[in-house]
Amino acid sequence: MFLHITHNDLDGAGCAILMKKVYGERIEYFSMNYDEIDNFLLETYQRYEKIFITDVSPSLNIFEKIRDEKEIILIDHHKTSENFKKYDNVYHEIGKCGTLLTLEYLEQLGNINLKEYYELVRLVNDYDLWLLKDNRSLDLNKLFYLYGFDNFVERFLKKPSVDLDEKEIFVLNIENERQQKYIENVSTTVREFFDKEGRKFGVVFAEQYNSELGHFLINEKGYAYVFIINIQKGKISLRSRKDVDVAKIAVANGGGGHKNAAGFSTGFDFCLENFLKEVGVL
Ligand SMILES: [Mn+2]
């Protein structure tokens, strides 16, 4: 049995679809974030004969440990894993999304025809690199969230076409309205700060639509970057203007990502005790 670890976003799901299409029952996928992968790998790798990791990467020392014992193939495009490139079986290219790199990897194995997925791969790439040259790519990402990871993978294994059916269009329209309202509401709650370098940035509490929200705030309010704090999950998403590197902030806090889109987890309690004291119950 092969193990496939992939990122828990649209791009990660694209990788899962292609791998599952090619390896079928021989592969088992798990989707997760940067901060979950090390522990998960250590707990599970021994049970599998071969390990694929796509669109996400473990720590370098864990990767080195496992590759001494098992065949491990890493396909990623995040800046934070660029230093893995020196190893065999690492396919890393910053200008292509994980799904596109996975497609190229699988096709170079020979005898594999994934043409029916070209359109899907193109849209995932368009969304993941935030090129947005095709307006269907934003809808595809929304569809991904509506379906959830496993259902989305199943949907595209059954039907590779990116053409949406009537029901999908119906729920997407509802979702579009919800998103617009959500972003408008959250935008009114941004707090503005200036960092040590004098750059203006925004901080919001939100649980949804991070990329869309981040881009809206950067474009409309002129922030160099934004912190989107998901209190419930203890997750921080960072989005920035083209010239500002937020991956540095994420990496310094144990996370990862791209120059303009990165994230990390935190156990910080956001001064809950102070709040409860103020309320008078502590
Ligand atoms: Mn990606």
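This dialogue walks through a few features of the structure above.

Visitor: What should I know before I start?
Guide: This is a predicted model, where local features need pLDDT of at least 70, side-chain atom pairs count only at pLDDT 80 or more, and totals for chains, interfaces and linings use all residues. Residues are numbered from 1 along each chain as its sequence is written, and side-chain values use heavy atoms, with hydrogens and water left out.

Visitor: How do I read burial? Is Ser-81 buried or exposed?
Guide: Look at relative accessible area: under 20% is buried, over 50% is exposed, and partly exposed lies in between (1.4 Å probe, protein chains only). Ser-81 has 0% relative accessibility, so it counts as buried. Ser-81 sits in the loop between strand 4 (71-76) and strand 5 (90-92). Helices (H or I, at least four residues) and strands (E, at least two) are DSSP runs, numbered from the N terminus.

Visitor: Which residues does Ser-81 contact, leaving aside neighbours within four places in sequence?
Guide: Contact means heavy atoms within 4.5 Å. Ser-81 then touches Ser-57, Asp-76 and His-92.

Visitor: Why is helix 5 called largely enclosed?
Guide: Eight of its eleven residues are buried, so the rest of the structure largely encloses helix 5. Among the buried ones are Leu-120, Val-121 and Tyr-127. The cover includes helix 1 (10-23), helix 4 (98-108), helix 6, helix 7 (149-158) and helix 9.

Visitor: At what angle do helix 5 and helix 6 pack?
Guide: Axes are lines fitted to C-alpha atoms, for helices over the stretch in contact, and angles run from 0 to 180 degrees between N-to-C directions. Under 35 degrees is roughly parallel, over 145 roughly antiparallel, 65 to 115 roughly perpendicular, and the rest oblique. Helix 5 (residues 118-128) and helix 6 (residues 136-147) meet at about 95°, with axes 8 Å apart. The two helices are therefore roughly perpendicular. Leu-123 of helix 5 and Leu-140 of helix 6 are among the residues making this contact.

Visitor: How is empty space found?
Guide: A probe the size of a water molecule is rolled over the atoms, and this shows where empty space is left.

Visitor: What is the volume of the second largest pocket?
Guide: About 260 Å³. A volume is the space filled by probe spheres set on grid points, which are joined across faces, edges and corners. On a 1 Å grid over the protein atoms alone, a pocket is an open set with protein on both sides within 12 Å along at least five of seven lines, and lining residues have an atom within 4 Å of a point. This pocket has 14 lining residues, with Ser-57, Pro-58, Ser-59, Thr-80 and Gly-255 nearest its centre.

Note on methods: On a 1 Å grid over the protein atoms alone, a cavity is a set of points where a 1.4 Å probe fits but cannot get out, and a pocket is an open set with protein on both sides within 12 Å along at least five of seven lines; lining residues have an atom within 4 Å of a point.
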